[in-house]
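Visitor: I am new to this structure and would like to learn how to read it. Please show it to me, then take the features one by one.

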Amino acid sequence: MATTSSMFMYSLTIQPPTSVTQAILGQFAGTKEQQIVTASGSRLTIHRPDPTQGKISTILSQDVFGIIRTLAAFRLAGSNK
């Protein structure tokens, strides 16, 4: 039996997660506008609310290797409001 294996594990989801488990509001894109970050299973999504149209638009959606359990807001030391 060979000591090295040619088998590799690869994780791929066919459909993106649909139920939002966590959501947090803050300034995540470096601008002064508020964004909403949502966690759905293994996907983080940043949304931008549009108060004039009453809709939200997706800025970025990123899969992570694992399951997101919690989100928490924090402020970097030395940063201002």
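Guide: What follows is a set of questions on how to read this model, with answers.

Guide: This is a predicted model, in which local features need pLDDT of at least 70 and side-chain atom pairs count only at pLDDT 80 or more, while totals for chains, interfaces and linings use all residues. Residues are numbered from 1 along each chain as its sequence is written, and side-chain values use heavy atoms, with hydrogens and water left out.

Visitor: In what order do the four strands form the sheet?

Guide: Strands are DSSP runs of E with at least two residues, numbered from the N terminus. Two strands pair if DSSP finds at least two bridges between them. Here the sheet is open, its order is 1-2-3-4, and the pairing is antiparallel. Strand 1 (22-26) and strand 4 (55-63) are the edge strands, each pairing on one side only. On average, neighbouring strands of this sheet are turned by 25° against each other, direction ignored. That angle is taken between axes, which are lines fitted to C-alpha atoms, with angles running from 0 to 180 degrees between N-to-C directions.

Visitor: How many bridges join strand 3 to strand 4?

Guide: Eight bridges join this antiparallel pair. The hairpin of strand 3 and strand 4 has four residues between the strands, and in it G54 takes a positive phi near 75°. Strand 2 and strand 3 are also antiparallel, paired over five bridges. There, S40 has R43 in strand 3 as its bridge partner.

Visitor: Is S40 buried or exposed?

Guide: Buried means under 20% relative accessible area, exposed over 50%, and partly exposed in between, using a 1.4 Å probe and protein chains only. S40, in strand 2, has 7% relative accessibility and so counts as buried. Contact means heavy atoms within 4.5 Å. Not counting residues up to four places away in sequence, S40 touches P17, S19, V20 and T21. From C-alpha to C-alpha, S40 and P17 are 5.6 Å apart in space, although 23 residues apart in sequence. The side chain of S40 also reaches the backbone oxygen of S19 at 3.5 Å.

Visitor: Where does S42 lie?

Guide: S42 is in the loop between strand 2 (35-40) and strand 3 (43-50). With a relative accessible area of 17%, S42 is buried. Leaving aside neighbours within four places in sequence, its contacts are P17, Q62, D63, V64, G66 and I68.

Visitor: How many salt bridges does the structure hold?

Guide: Side chains of opposite charge can pair when their charged atoms come close. A salt bridge is a side-chain nitrogen of Lys or Arg within 4 Å of a carboxyl oxygen of Asp or Glu. The structure holds two. One joins R48 and E33, with the closest N and O atoms 3.5 Å apart. R48 lies in strand 3 and E33 in the loop between strand 1 and strand 2, so the pair ties together parts that are 15 residues apart in sequence. R48 is partly exposed at 34% relative accessible area, and E33 is partly exposed at 36%.

Visitor: Which side chains meet in a salt bridge at 3.0 Å, N to O?

Guide: Those of R43 and D63. This pair links distant parts of the chain, with R43 in strand 3 and D63 in strand 4, 20 residues apart. D63 counts as partly exposed, at 38% relative accessibility.

Terms used: Polar contact = N/O pair within 3.5 Å; in protein donor to acceptor, adjacent residues only side chain to side chain.
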